[in-house]
Amino acid sequence: KDGLDYWCKDCKKEYSKQYRINNLEKVRENQRKCYYKHREKNLQRDKQWYWNNKDYKNNRCKQWKIDNPGKARLSSINSIKKDPLKYLIKGCLQRAIKKNLNYDSFDKLYNYLKPFYDNGKCEICGRKIESGIGKGRQKNNSPSIDQIIPGNGYTINNIAFLCNRCN
């Protein structure tokens, strides 16, 4: 209470370290309680930090990808394997932006195409569509999103879920 302590900083640090080692479960339980007690406040703080430091975070991510190209590629492949449809839609949106075409939002396209993807059949020929990831080339039965009227963009009224052969 008076600002004085009967241990020096080094001794107190060593004691705390040993306490945490000897009472690991108790320390973790206290950390869990504290986390849940202040969860909303911490989430709000983290969210605010993210928005205030978006450029910093993006630059760190870019630098990590440069420093760890193998891990970055593996991470990318794993995310594609989890949901290849997201990868297909992302490619469509990138092409639409590059070619200055009309396009619907990612969520709108995803919700529209998800039933077709889950069905797993080409809209034209009815052939089974398979997502083969990792070989570097597309097969005839690889999934593809096609513009019905070329140049009208990627909107739900102008796209079809096809196999690569029909596209």
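Visitor: Where do I start with the strands, and how many bridges join S1 to S2?
Guide: Two strands count as paired if DSSP finds at least two bridges between them. Here, five bridges join S1 (residues 143–147) to S2, and the two run antiparallel. Strands (E, at least two residues) and helices (H or I, at least four) are DSSP runs, numbered from the N terminus.

Visitor: Before we go on, what am I looking at?
Guide: This is a predicted model, where local features need pLDDT of at least 70 and side-chain atom pairs count only at pLDDT 80 or more, while totals for chains, interfaces and linings use all residues. Residues are numbered from 1 along each chain as its sequence is written, and side-chain values use heavy atoms, with hydrogens and water left out.

Visitor: Why is S2 largely enclosed by the rest of the structure?
Guide: Think in relative accessible area: under 20% is buried, over 50% exposed, and in between is partly exposed (1.4 Å probe, protein chains only). Five of the five residues of S2 (residues 159–163) are buried, so the strand is largely enclosed. Both faces are covered, with Ile159, Phe161 and Cys163 on one side and Ala160 and Leu162 on the other.

Visitor: How many aromatic pairs are there?
Guide: A ring pair is described by the distance of the centres and the angle of the planes. Rings of Phe, Tyr and Trp (its six-membered ring) pair if their centres lie within 6.5 Å; planes under 30 degrees apart are stacked, over 60 edge-to-face, and the rest tilted. That rule gives eight pairs. One of them joins tyrosine 50 and tryptophan 51, edge-to-face at 5.6 Å centre to centre with 80° between the planes. Tyrosine 50 is partly exposed at 28%, and tryptophan 51 is exposed at 53%. Tyrosine 117 and phenylalanine 161 are edge-to-face too, at 5.9 Å and 80°. That pair links distant parts of the chain, 44 residues apart: tyrosine 117 sits in helix H7 (residues 106–119) and phenylalanine 161 in S2. Both of these residues, tyrosine 117 and phenylalanine 161, are buried. There's also a cluster made of Tyr6, Trp7 and Tyr15.

Visitor: And which lysine lies over the face of tyrosine 110?
Guide: A charge sits over a ring if NZ of Lys or CZ of Arg is within 6 Å of the ring centre and within 35 degrees of the ring normal. Lysine 86 does this, at 5.9 Å from the ring centre of tyrosine 110.

Visitor: How many salt bridges does the search find?
Guide: You want a side-chain nitrogen of Lys or Arg within 4 Å of a carboxyl oxygen of Asp or Glu. The whole structure has three. Glutamate 29 and arginine 32 come to 2.9 Å at their closest N and O atoms, and they lie three residues apart in helix H2 (residues 24–37), about one turn. Arginine 45 and aspartate 46 are at 3.2 Å. Lysine 114 meets aspartate 118 at 3.3 Å.

Visitor: Last one: how many disulfides does the structure hold?
Guide: A disulfide is a covalent bond between the sulfur atoms of two cysteines, and the cut-off here is within 2.5 Å. The count is zero. For cysteine 122, the nearest cysteine sulfur is that of cysteine 166, 3.7 Å away. Cysteine 125 has its closest cysteine sulfur in cysteine 166 as well, at 3.6 Å, too far for a bond.
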